[in-house]
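Subject: Structure handover

Hello,

Here is the structure for you to look at. My notes come after it.

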Amino acid sequence: MRVVLALVLLTTGAWTLGCGGGGAGSVALPAPTPPSIQITIAPNSSTVLLGETVAFAATVSNSTNTAVSWSVNGIPGGSAQVGSISADGVFTAPEDLPQGGTVQVTATSNADSSKFASASINVSSDISVSLAPGNSSVELGGIQSFHASIASSGRPDPTIQWSLSGGACPNSCGSIDSSGNYTAPQILPNPPFLTATATSAADPTKHVSVSLTVTSNFSLQLAGPTNLRPGITTVFVATMTPAPNSKPSSVLTWSLSGSGCNGNACGVLNVVTTQSSGATPIADTANYTAPLTVPQPDAVIVTVTPLADSSKKAQVSVAIQSLPGGSIAISPSVSTLAASRRTTLTATTSDNSGASLAWSVNGIPGGNTSVGMICVSGSSPCQPVTSGTSQVVDFIAPGSIPSQNPVSVSVTSTANASETASAQITVINHVLVSVTPSNITLLPLAVQAFSANVLGGDDQDQDVVWQIQGSSCSGSNACGYIDAFGNYTAPAGPPAPNTFHIIALSRDDSSQSAVATVSISNALNVLTLQPSSVYAGAANGFTLRVVGSGFIPSNPGPGSTLFVAGAARFTTCSSANSCSAPLTSSDVQNAGSVSARIQNPDQSLSNTVQLKVVAPATTESIISLTSAAPAASGKDITVVDLSTSGIDTAYSSLDLDVAAIGAFATSTNTCSLAGNPIPLLRPANGFTAADVCLFSSAGFDASMNYVVSGPGDVTVISKQPAGLGIIHLTLQIPASAAPGARTLFIQNANLDQTAATGVLEVR
């Protein structure tokens, strides 16, 4: 009975559920909505010094996944500019103040990225900047080193940014490098006062300044005679002595003036040598030739003005006075001579009568080995001269410096002892060689002229042998090369080590030389453009090649980019010295200048160089020259580079280069390249045709224009490509054609033009 009852109850219950409430019991009740994920962050705001840390904690509620991702100003993990935050919420402030000074740290739920919480952080600075030494004076070209430091309780960026300001800035007040080394200008600025400022890179509002005064304490002396005869040449020496630890500009300007003359009426100055070596005295030597006519009044002022400071000019007043009857002059009146070397002396008498003359050195007739000897000019060994009619003699310096130095060489008329003149000769131990410039840093491929001065050589012999020396200079032109005239060309890149020497070796005394120190910079620099000028339009476009230094090759890349007129171009850089990019006709549509510069992948920019765009002439002017009139004046000729020279190869073959010319056989379609000229035979009457072919390694094509010189009697009536860079031209020659050699002019669509001179001859 229990079992039956249980079944009945169960059945009844099921029935009740099935019938009660319209079947509500057959639908499951909805699950309760889970609570939303909540994130809180602590602290919700903070202030932190530059470079310091602060820890944040994020709490995630209503989720079993409590992990969060951290970001700063929306940047996962932050950045160097806004600060960084670790995976466990430790924020490290940036070393430099961020823009606005405030950043936001955000914790985002890993379970639901739409759920996050943020905290505001005020990044603060307690930086103070100190600078030593204080206000300073710096000589021209001198260096003053400053030291700046920052103090802070945080860990800010220690970088100091240096700047100069003043009335002569930025071009004429000197420079200051990233280490705080100030180099004064070599020319005194106006005004000479400026300010050097050290600014914290971390907080640009924090800075300190000192006042600088550029001073000019070099000395300048000018030595030369105070009286001179008309037409006589003598030597003036300007000696510029720099102040200690300075390097003023060594440029000296010479001039002549006088109240009784102007221009060449005051005489002629010829500056012949310049020598400079570090802080040693800088000497300029000039030959002055007095005017033939005595000015009235007779004073001529010789002035030397230093570019470094024009207020320090030096002057000598020279009285130009005619020789009275029987007077004598000697030239040169002042000279410097090394031991045992010789120089030529010339005596001039007022009447050139060939009177007997007596020569002496320090009062000793003919001199001696202790004070120097007077010899017959050009004699070797010395043939002594004490007296005679010779007005030109040689003086040979003693083998060592005499006790009385300089020595005095005198010449006196034997007929009248009151008629006398003397020359002062300073004897030095050996010739002295100097080189200008003495220390220089050059860009790759730069060209620099070096000059040498040899003081005291035989007849002031200035000949030197130029050499390049250095541990890095083995190999072909590793340190560049220098020619016999001192013209130096830097290598394509810096050698290692990057310091070597230019040597000037005296030919007179090979034991004496001077040294110039040279280093090669690898700075990003554009040296030249190829082409540097084109005609406006350039219908076919062309390749612009940039030659310089510091470029980044395209392989493996990323390489440098050429910007033309401010726009980046598809650039190929074959080396650190050469980049190229194609230009179109629209780039050079109008006459004027188009800017070009290189940008490296690190965003550094080179100097800007201008590509000149020249409007083509609408007419041509023929300059006719004959043996009777071999020159033409008043002709301005504009020369434009071949636009095809931009090909980025070491030795580009220009497509206007006529490599060879010959006769073309139409029956066999062959070209026989031969020597010039190609004969063009005139017919007895009417017209005839001649077929020629031209070859260029880069190729000629039918789009080019081909014109034969002359009065237009020989014309090109057909042009056909013959393959392999050869063009086949058919020429028409009338019976009336003028005989003689002709030039073939070739012009492409870019208006580049070349001339194959005398390659054709009408017979």
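Below are the notes on disulfides, a sheet, a surface patch and one aspartate.

This is a predicted model, so local features need pLDDT of at least 70, side-chain atom pairs count only at pLDDT 80 or more, and totals for chains, interfaces and linings use all residues. Residues are numbered from 1 along each chain as its sequence is written, and side-chain values use heavy atoms, with hydrogens and water left out.

Disulfides

A search of the whole structure finds 6 disulfides. The criterion is a pair of cysteine sulfur atoms within 2.5 Å. Counting bonded cysteines along the chain, the pattern is 1-2, 3-4, 5-6, 7-8, 9-10, 11-12.

Cys169 bonds to Cys173, with 2.2 Å between the sulfur atoms. The S-S torsion of Cys169 and Cys173 is about 115°, so this disulfide is right-handed. Cys173 is buried, at 2% relative accessible area. On this scale, buried means under 20%, exposed over 50%, and partly exposed in between (1.4 Å probe, protein chains only).

Cys473 bonds to Cys479, and their sulfur atoms are 2.1 Å apart. Here the torsion about the S-S bond of Cys473 and Cys479 is about -95°, so the link is left-handed. Cys473 is buried at 17%. Cys479 is buried at 2%.

Cys671 is joined to Cys693, S to S 1.9 Å. The link of Cys671 and Cys693 is right-handed, with 85° about the S-S bond. Cys671 sits in strand β59 (residues 670-674) and Cys693 in strand β61 (residues 687-695), so the pair ties together parts 22 residues apart in sequence. Strands are DSSP runs of E, at least two residues, numbered from the N terminus. Cys671 is partly exposed, at 25% relative accessible area. Cys693 is buried, at 0%.

Sheet

Pairing requires at least two DSSP bridges between two strands. β3 and β9 (residues 90-92) run antiparallel and are joined by 3 bridges. Within that pair, Val54 stands opposite Phe91 of β9.

Surface patch

Which residues form a nonpolar patch on the surface? They are Ile623, Leu625, Ile637 and Val639, with about 410 Å² of accessible area together. Areas come from the Shrake-Rupley method with a 1.4 Å probe, and for residues only the protein chains shown count as cover. Patch members have over 30% relative accessible area and no salt bridge; nonpolar side chains (Val, Leu, Ile, Met, Phe, Trp, Tyr) are joined within 5 Å, like charges within 9 Å. A salt bridge is a side-chain nitrogen of Lys or Arg within 4 Å of a carboxyl oxygen of Asp or Glu. Val639 lies in the loop between β57 (609-614) and β58 (660-665). Val639 is exposed, at 68% relative accessible area.

Asp713

Asp713 lies in the loop between β62 (705-708) and β63 (715-723). Asp713 is buried, at 15% relative accessible area. Its side chain reaches the backbone nitrogen of Ala738 at 2.9 Å. The side chains of Asp713 and Arg742 make a polar contact of 2.9 Å. Polar contacts are pairs of N or O atoms within 3.5 Å; within protein, one must be able to donate a hydrogen and the other to accept it, and residues adjacent in sequence count only if both atoms are side-chain atoms.

Best wishes

Key
Helix = DSSP H or I, 4+ residues; strand = E, 2+ residues; numbered from the N terminus.
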